[in-house]
Amino acid sequence: MADFHGRDAHDTFCVVQNRLYRNARLATMNPATGGIGEIVEGALAISGDRITYAGPQARLPADLAMTADAIDCQGRWITPGLIDCHTHLVHAGDRSVEFEMRLAGATYEQIARAGGGIASSVKALRETSEESLLRQSLPRLDALLAEGVTTIEIKSGYGLDLANEIKSLRVARELGRHREVTVVTSFLGAHTIPAEAKSNRAEYLQLITEQMLPAIAEQKLADAVDGFCETIAFSPDEIRTVFTAALKMGLPVKLHADQLSNQHAAVLAAECGALSADHLEHSDEAGITAMARAGTTAVLLPGAFYFLQDTRKPPVDLLRKYRVPIAIGTDCNPGTSPLTSLLLAMNMGATLFGLTVDECLIGVTRWAAKALGRGNDIGTLEAGKFADLAIWNIDRPAELVYRMGLNPLHARIFHGKVASGC
């Protein structure tokens, strides 16, 4: 049998056409098995970039059992590769000054109305070259990959004009060429009104719908369109205008919804068939039932809740009652969640929001995949799905949620590719 070596985000990958992992414990996240789909004596087979078997070792088909390149996992746990389904990872500089202001008592809205917040990140990004933006973003991505992330969503929204929104999305795409990771991009032109358009909101909305969206769609730079529906950002009617244009172009939508106040944005997201509605701290029962009917995933972002010292928790009990899928993301961004650890985001989801271990683990795998519209290809260990795996030095899956600051990743496998020498 081959030796089994771990790797980090900077290792060179090699491709083995057929590979078998024996003596493994699997957390398949397969809904058919219930819970996180634990298989204590498991095996997982890969052919090319796809899983061909994930199940009990005793039921491994004879032809797969003969695979020459067989790895003894020595009882390690295998999960699907983790999925960070909400980030603003491509940004310039930081907002540590605003962090100090908040510690002194300033609110998020006060900072934003004084020209800070998103506006300060817009200024920084516009003044940063594409090359520098890439260099600044790579370490943040590497931190996430080092914890087993194999798919990441990255939003624009700090450019707010055509050239700089395109710059942001191009950098996001480029990150996926520099690292072995799937990058899913979201165009967030409706993040806030830029300073130059404060006196004419209608003109900026027209810029989004008639110039930005068509250009970005033509260049295939965005996989979805996002918006920020809030009193300090865009009204429900304004978001509906943007989403109507996006849907006509065949782009799915997702929404920052009801984070700071109840704008009935969860209802709006559902009405537009959004893949996800994110944050949701102020959403009510009408919003949650609408999401349930529409099949819209809830993405909870405990990093922002923690960083802003918020006290209004998202309605987890309502989400459970109406069986709305709950995903978790880092919300990695410079102003309200400078978080580059999905493991810590899970811990925060449990300790701050009261999520169970199973909800946290499924929230960064199966439901995170659904929030990105990628559930057919990733998020569970099932035959036919991409061989995106994380292999862990743990005794129980709960350790991935329980620990803070310890990374037990043993190996990360992306589309069947593993570190050189394996």
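Trainee: Where is the place of histidine 415?

Mentor: Helices (H or I, at least four residues) and strands (E, at least two) are DSSP runs, numbered from the N terminus. Histidine 415 is placed in the loop between strand 16 (409-413) and strand 17 (417-419). Please note that this is a predicted model, in which local features need pLDDT of at least 70 and side-chain atom pairs count only at pLDDT 80 or more, while totals for chains, interfaces and linings use all residues. Residues are numbered from 1 along each chain as its sequence is written, and side-chain values use heavy atoms, with hydrogens and water left out.

Trainee: Does histidine 415 count as buried or exposed?

Mentor: Buried means under 20% relative accessible area, exposed over 50%, and partly exposed in between (1.4 Å probe, protein chains only). Histidine 415 counts as buried because its relative accessibility is 16%.

Trainee: What is to be read from a phi angle?

Mentor: Most residues other than glycine have a negative phi. Histidine 415 has a positive phi, near 50 degrees. Leucine 280 is not a glycine either, yet its phi is positive at about 75 degrees.

Trainee: Where is leucine 280, and is leucine 280 buried or exposed?

Mentor: Leucine 280 sits in the loop between strand 12 (276-279) and helix 10 (285-294). With a relative accessibility of 0%, leucine 280 is buried.

Trainee: Which residues does asparagine 30 touch?

Mentor: Contact means heavy atoms within 4.5 Å. Leaving aside residues up to four places away in sequence, asparagine 30 touches Arg366, Thr380 and Glu382. Asparagine 30 belongs to the loop between strand 2 (18-27) and strand 3 (38-47), and it is buried because its relative accessible area is 16%.

Trainee: With which side chain does the side chain of asparagine 30 make a polar contact?

Mentor: A polar contact is a pair of N or O atoms within 3.5 Å; within protein, one must be able to donate a hydrogen and the other to accept it, and residues adjacent in sequence count only if both atoms are side-chain atoms. For asparagine 30, the partner is the side chain of glutamate 382, at 3.5 Å.

Trainee: Which residues does arginine 320 touch?

Mentor: Arginine 320 touches Gly354, Leu355, Thr356 and Glu359, again not counting residues up to four places away in sequence. A polar atom of the arginine 320 side chain lies 2.9 Å from the backbone oxygen of glycine 354. Arginine 320 is part of helix 12 (residues 316-321) and counts as partly exposed because its relative accessibility is 33%.

Trainee: How many helices and strands are there in the chain?

Mentor: The chain has 16 helices and 17 strands. The radius of gyration is taken over C-alpha atoms, and the globule rule is 2.2 Å times the number of residues to the power 0.38. The chain has a radius of gyration of 21 Å, close to the 22 Å that the rule gives for 422 residues, so it is as compact as a globular protein of that length. Its C-alpha atoms fill a box of roughly 70 × 45 × 45 Å along the principal axes.

Trainee: What share of the 422 residues in the chain do buried residues make up?

Mentor: Buried residues make up 60% of them. As for contacts between residues at least 6 apart in sequence, 74% join residues at least 24 apart.
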